[in-house]
Amino acid sequence: MKPEKILYAINDIDSEFLDEARAESAPKHHRSRRFAVLIAAVIALMAITVTAFASEEVAGWFRQYFSRNVENGLTPGQIEYLDEHEQIVDESQCQNGYDMKLKSVLSDGYTVYATIGLTAPEDITYEDLKKLWGSDIDFYDQNMKPCFSWMMEVCDDMDGLENTVDLFFELTPAEWNSGTVLTIRINSLEKYIFDAAYEQQLLETKYADQDNIMFTDEESARIHQLVTLAEGPWEFTIDLGKIKTEVLELIITPVTVQTCYGFKEDGTDLFEEVTVTSFILSPLSATIQTDADYAPDFASGGRNVYVIMTDGSRIALIPNIGGGGAQRFRTESPIILSEVDHVLLADGTKIMVP
């Protein structure tokens, strides 16, 4: 997974399950539940990449965004797809001196991308804005049901100003979402601060030579701080009613493949066979459905799933989230379905286009 592609929030996973998963992955020290939740924020925030764009124009934003993911640039077919499917919105709202503009939206019916330009007061620096954290943002449909998952990046808009950035959102609607309208509601803008010096001080003094450490709520709150820059809300609606949904079903006869389901004591992967019953590919995403009762891992240990095009080039499928025997992916760049030759799984299995 590329570091800038970090999932910010998952609405469909039980919090106790997440806590258990984090606890199992902790190498030595055991933190409190609050710390476990916040440390995930640290990892995600550290991984946010500041992205530079060469143009201030709204049109073509996604063309420039995806072009950084491929070594040889986008193909003419990919450029044409983005130009045809990017929806220019250009809608602005201002609250407490912070102006936000929903610039454009891109979706294939399964994955939704949205770009919001942010202009802060002149005394707010770029160092403040690149630490923005998505702890007070909601995404929901017209029935107030949340999206399955979402991710946010803070991007340099390259306008030369310290107080402006672009906020890039990736939304994954769920099966329970209905209709064609999604709402992005930013309730407040918060900056995340990690006080590493204070944490180290505690580890060297109060918790020195201890293996099982549980910070107090007060200590955790000081180590992981959320500072409110401005109260909102800023609210934007995305209309997906005009989206043209294109899909390619690759599975006619079920295919048995190997997936990872855990790790040995030495850290190597444990594999088992599952049966792939459906593989739906769309220009910006993919979903693999299996007969397993869990979300199988198709891309562990640095391996990837690739879509191989007819010209021999390949496009990586980046794991998103899964459940109920399914694994979802997002694409590193748009896939032109008519140019797909086959999909190459991590175990070497080739799934050919029917």
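The legends below accompany an overview and several close-up views of a predicted model.

In this predicted model, local features need pLDDT of at least 70 and side-chain atom pairs count only at pLDDT 80 or more, whereas totals for chains, interfaces and linings use all residues. Residues are numbered from 1 along each chain as its sequence is written, and side-chain values use heavy atoms, with hydrogens and water left out.

**Overview. The protein chain has seven helices and 19 strands.** Helices (H or I, at least four residues) and strands (E, at least two) are DSSP runs, numbered from the N terminus. Of the 354 residues of the protein chain, 48% count as buried, where buried means under 20% relative accessible area, exposed means over 50%, and partly exposed lies in between (1.4 Å probe, protein chains only). The accessible surface of the chain comes to about 17,000 Å², of which 49% belongs to carbon and sulfur atoms; these areas come from the Shrake-Rupley method with a 1.4 Å probe, and for residues only the protein chains shown count as cover. Among the contacts in the chain with a separation of 6 or more, 68% are between residues 24 or more positions apart, a contact being heavy atoms within 4.5 Å.

**View 1. The largest cavity and its lining.** A cavity is a set of points, on a 1 Å grid over the protein atoms alone, where a 1.4 Å probe fits but cannot get out, while a pocket is an open set with protein on both sides within 12 Å along at least five of seven lines; lining residues have an atom within 4 Å of a point. Grid points are joined across faces, edges and corners, and a volume is the space filled by probe spheres set on the points. By this rule there are two cavities of 30 Å³ or more, and the largest has a volume of about 50 Å³. Its lining consists of L132, W133, I137, M152, L167, I186, S188, L189 and E190. Two elements, β5 (132-133) and β9 (181-194), each give two or more residues to this lining, and the largest share, four residues, comes from β9. By class, the lining has seven nonpolar, one polar and one charged residues, where Ala, Val, Leu, Ile, Met, Phe, Trp, Tyr, Cys and Pro count as nonpolar, Asp, Glu, Lys and Arg as charged, and the others, Gly among them, as polar.

**View 2. The second largest pocket.** This pocket has a volume of about 650 Å³ and is lined by 37 residues, of which Y110, P173, A174, E175 and R328 lie nearest its centre. The elements that give two or more residues to its lining are β9, β13 (269-282), β14 (285-290), β16 (314-323) and β17. The lining divides into 15 nonpolar, 18 polar and four charged residues.

**View 3. Q327 in strand β17 (residues 326-331).** At 8% relative accessibility, Q327 counts as buried. Although Q327 and I288 are 39 residues apart in sequence, they are 5.3 Å apart in space, C-alpha to C-alpha. Not counting residues up to four places away in sequence, Q327 touches A286, T287, I288, P296, F298, P319, N320, I321 and G322.
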